[in-house]
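This report describes the fold, the overall dimensions and one annotated region of a protein model.

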Amino acid sequence: MQTDDSTSTEFTPRQSAVLAEALRLLVEGGDKALTTAGLARAANCSKESLYKWFGDRDGLLSAMISYQASKVRTFERSGERLTGESLTQHLELFARDLLGVLAGDVSLALNRLAIGQTSRDGSKLGRMLLERGRRQIDRRARALLESGQRDGLLRFSDGEEAYRTLYGLIVSDMHVRMLLGEKPDVESFGARAARAVSSFLTLYGTEKMLAD
């Protein structure tokens, strides 16, 4: 089965490489390590290019968050009719990617930085994480659920509630525990994703879904 590319088409390959380097600097050195001059040196590009591509520091952080969120793949190919098997595969791919991104050093560093900045700047970074990160992922996942409903595989009256159920089954309290320092069991993510999707389909799958 084909899957969507894990990098966002919003960025060119060169921009994506620069954003990956910016995220590395943030993880390894914290907020103070992420300067325009430092990123230009590390990514072997000019400061002028950074300003042209991303604008100011807030623009760079926003792009970093969007790039990170794009690693969570979802069903986005219009015209493809879903089957029970393909919907399950798409949902499990989403669940595995979501767990992998949330458990990664980058996500944890961004969230910890946002928490630390809350009292200083009115949680500007926190709002960016919601708008460019979480909600970007949410919108794409909701589109997958709506496609499943359209093709007669899922039944729900409130798409937001259905998605929150899916997200809760996948993540539970795992992200909070990791933010507090618990090491993730990465090897269990595949089984965890499969269990979450199975539970979700038991709740929202139609007879057609279960038959497929």
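The text below goes from secondary structure to overall shape, surface and charge, and ends with the annotated region.

The model is predicted. The protein contains 11 helices and 0 strands, and the order along the sequence reads α-α-α-α-α-α-α-α-α-α-α.

As for overall shape, the C-alpha trace spans about 60 × 35 × 30 Å along its principal axes. The radius of gyration of the protein is 19 Å, which agrees with the value near 17 Å for a compact globule because the rule is applied to a chain of 212 residues.

Packing can be described by burial and by contacts. Of the 212 residues, 46% count as buried, that is, under 20% relative accessible area. When contacts between residues at least 6 apart in sequence are considered, 75% of them join residues at least 24 apart.

| Property of the protein | Value |
|---|---|
| Accessible surface | about 11000 Å² |
| Share of accessible surface belonging to carbon and sulfur atoms | 50% |
| Positive charges | 30 charges |
| Negative charges | 29 charges |
| Distance between the mean positions of the positive and negative charges | 5 Å |

Which residues does the UniProt annotation "DNA-binding region" cover? The annotation, taken from an unreviewed entry, covers residues 35–54. In the model, the chain over residues 35–54 is 80% helix and 0% strand.

Notes
Residues are numbered from 1 along each chain as its sequence is written. This is a predicted model: local features need pLDDT of at least 70, side-chain atom pairs count only at pLDDT 80 or more; totals for chains, interfaces and linings use all residues. Side-chain values use heavy atoms; hydrogens and water are left out. UniProt positions are given in the numbering used here, feature names are shortened, and annotations may be inferred rather than shown by experiment. Helices (H or I, at least four residues) and strands (E, at least two) are DSSP runs, numbered from the N terminus. The radius of gyration is taken over C-alpha atoms; the globule rule is 2.2 Å times the number of residues to the power 0.38. Buried means under 20% relative accessible area, exposed over 50%, partly exposed in between (1.4 Å probe, protein chains only). Contact means heavy atoms within 4.5 Å. Accessible areas come from the Shrake-Rupley method with a 1.4 Å probe; for residues, only the protein chains shown count as cover. Lys and Arg count as positive and Asp and Glu as negative; His and the chain ends are not counted. The place of a charge is taken as NZ of Lys, CZ of Arg, CG of Asp or CD of Glu.
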